[in-house]
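Hello,

Here is the structure you asked about. Please open it alongside this email; my notes follow below.

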Amino acid sequence: MSDSYIQTLFAERIGGNQYGKSIAIYKFEKIKRAKRAALTANPGAEIIDMGVGEPDEMAFPEVVAKLHEEASLPANRGYSDNGDSVLKEAAARYMDRVCGVKGINPETEILHSIGSKAALSILPAALINPGDYVLMTTPGYPVFGTHAKYYGGLVHNLPLNDANQFLPDLDSIPEDVLRKAKVLVLNYPNNPTGASATPEFFSKVVAFAKANNLVVVHDAAYAALVFEGKPLSFLAIPGAKDVGIELHSTSKTFNMTGWRCGFVVGNELLVKAYGDVKDNTDSGQFLAIQHAAAYCFDHPGITEKIAAKYSRRMDALVQVLRAAGFNAKKPRGSFFLYVKAPKAAVKKDGSRIEFKNAEEISQWLVTEKLISTVPWDEAGANLRFSVTFVSKNEADETRVLGEIAKRLGDVRFEF
Ligand SMILES: Cc1ncc(COP(=O)(O)O)c(C=O)c1O
């Protein structure tokens, strides 16, 4: 059958007239297919899913009750555009109380988002001209870079690895790239590495941004999910508001991934530009959701409870993986445990399975052990285990962790 004329109309940015014809299968689709195949081959068996990047539990009942109450108010029914002051004021209190960032003006320095992903997709329109460079960390969450490329921008990747404590080496950026660079995108605690930043690193970033006329976008989607101490906001660093903005979200910190709500905070001019593009992109999140999110920002104890659960699971998973030979170290935050991928697994009968990269061991783990993980091969071969696996209660959580230990226990991994 010949192509419809529609096939000839697609923009080059999504593949032009070749759109949809590629037979390449992307990583997350491969994982899904491998999970489905493993279930078909083992009917009724339990797949332990440590590949998911979202909470395993619902939003807390009081937050759901707040949504219910707000959803019944006629005043909340319409377009919210760039939002009312309820979320902005709660977000400013949150920045002060949780992140130690004082003096944020809720009217001019905060604006809601329909989640951080939406904000990351909107911001490039405000900043990127063809030929401009974006500095991004790899492995990482690619959304800002994807949209920057849609506008003709270029991405320079900064690898994160053990040797640099998963903090990008800013001095490694070639002179010609730096001259054309406009934006540095960071994310700490980091997906997928689980790494946290330090105040020293953020201070260096502020000085670097000023010296090189860069905008810093700090994606703080996991900021409050910390296992000890206080969350570290980029904006807590002196001078940070002169160079950048930070993105917060209720998705991970309040178990609200489906609700779609967060906020952009920081440099007034950048927040205004975000707002102008946003106004031409969406009509604002439902006010009832914004108000429920505002309730959350005033109840940070919810995040502390969620973080305590992840911390407990992380302690146990680190032990299980260490016993299996992995060099697992508990991160200081997030729900991701990132470990070096083994090069081979040796079975009791002496047979040896070699893995060329993280993708191969990840496929093997789901097929042979019914354990789903996410492989990352961008900066060394690594596996990401999320402690958001499903369990019925704490006792069941211990059972699941015991099950992982049992499944990994009958092979010896080589690294
Ligand atoms: C680093 C990072 N940023 C942003 C997001 C998306 O957040 P939101 O649900 O607020 O759009 C995710 C979700 O996986 C993420 O890992």
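The shell around the ligand has 3 nonpolar, 6 polar and 4 charged residues. Keep in mind that this is a predicted model.

Which residues come nearest to the ligand? Of the 13 around it, these are D219, S249, S251, K252 and R260.

In S251, a side-chain N or O atom is 2.5 Å from an oxygen atom of the ligand. For K252, the distance from a side-chain N or O atom to a ligand oxygen is 2.6 Å. S116 places a backbone N or O atom 2.7 Å from an oxygen atom of the ligand.

How much of the ligand does the protein bury? Taken alone, the ligand exposes 400 Å². The protein buries 92% of that.

As for location, the ligand sits in the largest pocket. Two elements give two or more residues each to the shell around it: α4 (116–127) and α9 (250–253).

Now the chain as a whole. Its secondary structure comes to 14 helices and 15 strands. The radius of gyration is 22 Å, close to the 22 Å that the globule rule gives for 415 residues, so the chain is as compact as a globular protein of that length. Along the principal axes, the C-alpha atoms fill a box of roughly 65 × 55 × 50 Å.

Next, some backbone points to look at. Most peptide bonds are trans, and most residues other than glycine have a negative phi. The following places depart from that pattern:

- Y188 and P189 are joined by a cis peptide bond, with omega at about -15°. P189 lies in the loop between β5 (181–187) and α7 (199–212).
- N191 and P192 are joined by a cis peptide bond too, with omega at about 15°. P192 is likewise placed in the loop between β5 and α7.
- D81 is not a glycine, yet has a positive phi of about 50°. Look for D81 in the loop between α2 (61–71) and α3 (85–97).

Best wishes

Note on methods. Residues numbered from 1 in each chain as written. Predicted model: local features only at pLDDT ≥ 70, side-chain atom pairs only at ≥ 80, totals over all residues. Heavy atoms only, no water. Near = heavy atom within 4 Å. Polar contact = N/O pair within 3.5 Å; in protein donor to acceptor, adjacent residues only side chain to side chain. Areas by Shrake-Rupley, 256 points an atom, 1.4 Å probe, with all protein chains shown as cover. 1 Å grid on protein atoms, 1.4 Å probe; cavity = no way out; pocket = protein on both sides within 12 Å on 5 of 7 lines; lining within 4 Å. Sits in = over half its atoms within 2 Å of the grid points. Helix = DSSP H or I, 4+ residues; strand = E, 2+ residues; numbered from the N terminus. Nonpolar A, V, L, I, M, F, W, Y, C, P; charged D, E, K, R; others polar. Rg over C-alpha atoms; globule rule 2.2 N^0.38 Å.
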